[in-house]
Amino acid sequence: MPGGTRSYEMGRRMVAAGHEVHVVTSRTDGAAPVKKGWYHTIEDGIHVHWLVNDYSNSMPFWRRTLAFIRFAFLATPRAVRLRGDVIFATSTPLTVAIPALWAAWRNGAPMVFEVRDLWPDGPIRVGALKNPISIAIAQWLERRAYFGAARVVALSPGMKEGIVATGYPPDKVTVIPNCSDVALLRVPASLGHRFLTDHEYLASGPLVSYVGTVGQANGIHYLAEIASELWTLDPSVRFLVVGDGKEVEHVRQRALALGVLGKNFWMLPPVPKCEVPAILSASTVCVSLVNAPHMHRNSANKTFDAFAAGKPLVINHGGWMAEILEET
């Protein structure tokens, strides 16, 4: 499936260590074997409890919020019945804390809360969350999630600072950055060559790729502007954006207006993670972009995927990821 695989990678290693692992999650791609409700599968030893839930990054913020609330409401009794010894909630969205808190309370189990994006700080900063009442409720839930947790996991030092700023004890926050499976992403060059053969319009020069969410906070329209500038310097360079999100059509229209769409700039829909290694192998350079200062402290999957694939990485921002690139 498209998207991050952190929970899967952590879960299968927990299974290998002898633990029984249950994941309560949602199925949003329309390919579920049932039309609604729950179903269960076992993936590499992980018990996965799927809720069929209508969701897409391209939805308006209010529709995505309703999907989050629906999942939290329906996942709560499911999580309580599983009776885990440790309840591990990974956010975003922040609403995953609701079933986790209930399950921890009903079962007398500790909860660990993992923060992959600081909510509601991010939506407030980009203007997606404006209503004062909604902001107050979200900030209350954020504090309730932190202070209801035995430990909190942050994906970057900057995220830890944001968590501690709420008053949560710093000695109970552990920084575990994002990561990638090197064995999955360091593939033979033949896979990259095959991808270029299948997409021959990308094969005539160096390839600059972006694989990830095309959202407001990413600012991928900037890559179309770079492609426009570079066309006059070296028209052989190709740009590829692979992903989905609210800004896909905006980026497409910007590239069209600049006259680069289909010339040295292309966009493809999101692909399952197992297909990402071939794209990175075909790439000369990988790119990670952000469009807001608060995103400088994020821990982007695409950054670590580029590292794991052994590819040069270009970023357009400061923060701890820039410091890692400078230092190493």
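Let's start with how H2 and H3 cross. H2 passes H3 in a right-handed crossing. Keep in mind that this is a predicted model. H2 covers residues 61–82, and H3 covers residues 97–107. The two pack at an angle of about 25 degrees. Their axes are 8 Å apart. Angles under 35 degrees count as roughly parallel, and H2 and H3 are therefore roughly parallel to each other.

Which residues make the contact? On H2, they are Ala72, Ala75, Thr76, Ala79 and Val80. On H3, they are Ile98, Pro99, Trp102, Ala103, Arg106 and Asn107. By class, the contact of H2 with H3 has eight nonpolar residues, two polar and one charged.

H9 runs over residues 221–233, and H10 over residues 248–258. They pack at about 15 degrees, with their axes 8 Å apart. That angle makes H9 roughly parallel to H10. The crossing of H9 past H10 is right-handed.

And the contact? From H9 come His221, Ala224, Glu225 and Ser228. From H10 come His250, Val251, Arg254, Ala255 and Leu258. The residues of this H9 contact with H10 divide into four nonpolar, three polar and two charged.

S9, H10 and S10 make a right-handed β-α-β unit. Strand S9 is residues 238–242, and strand S10 is residues 265–268. These two strands run parallel, joined by four bridges. In that pairing, leucine 240 stands opposite tryptophan 266 in S10.

On to the four-stranded sheet. What is the strand order? It is S4-S5-S6-S7, in an open sheet with parallel pairing. S4, at 87–91, and S7, at 173–175, stand at the edges. Each has a single partner strand, so one side of each is left without a neighbour in the sheet. The twist averages 20 degrees from one strand to the next.

Let me go through two of the pairings. Take S5 with S6. S5 is residues 111–115, and S6 is residues 151–154. They pair in the parallel sense over four bridges. Valine 112 has arginine 151 in S6 as its bridge partner. Valine 115 stands opposite alanine 154, also in S6.

Then S6 with S7. Three bridges join these strands, which run parallel. Here, valine 153 stands opposite threonine 174 in S7.

Which helix links into this part of the sheet? S6, H6 and S7 make a β-α-β unit, and that unit is right-handed. H6 is residues 157–164, and the helix packs on the sheet. The strands touched by H6 are S5, S6 and S7. The direction of H6 makes about 165 degrees with that of S7.

To recap, briefly. H2 crosses H3 in the right-handed sense, and H9 crosses H10 in the right-handed sense. The open sheet has the order S4-S5-S6-S7.

How values were computed. Residues numbered from 1 in each chain as written. Predicted model: local features only at pLDDT ≥ 70, side-chain atom pairs only at ≥ 80, totals over all residues. Heavy atoms only, no water. Axes fitted to C-alpha atoms, helices over the stretch in contact; angles between N-to-C directions. Parallel < 35°, antiparallel > 145°, perpendicular 65-115°, else oblique. Left-handed = near helix turned anticlockwise from the far one by under 90°. Contact = heavy atoms within 4.5 Å. Nonpolar A, V, L, I, M, F, W, Y, C, P; charged D, E, K, R; others polar. Pairing = 2+ DSSP bridges. Right-handed = clockwise from strand over helix to strand, strands pointing away.
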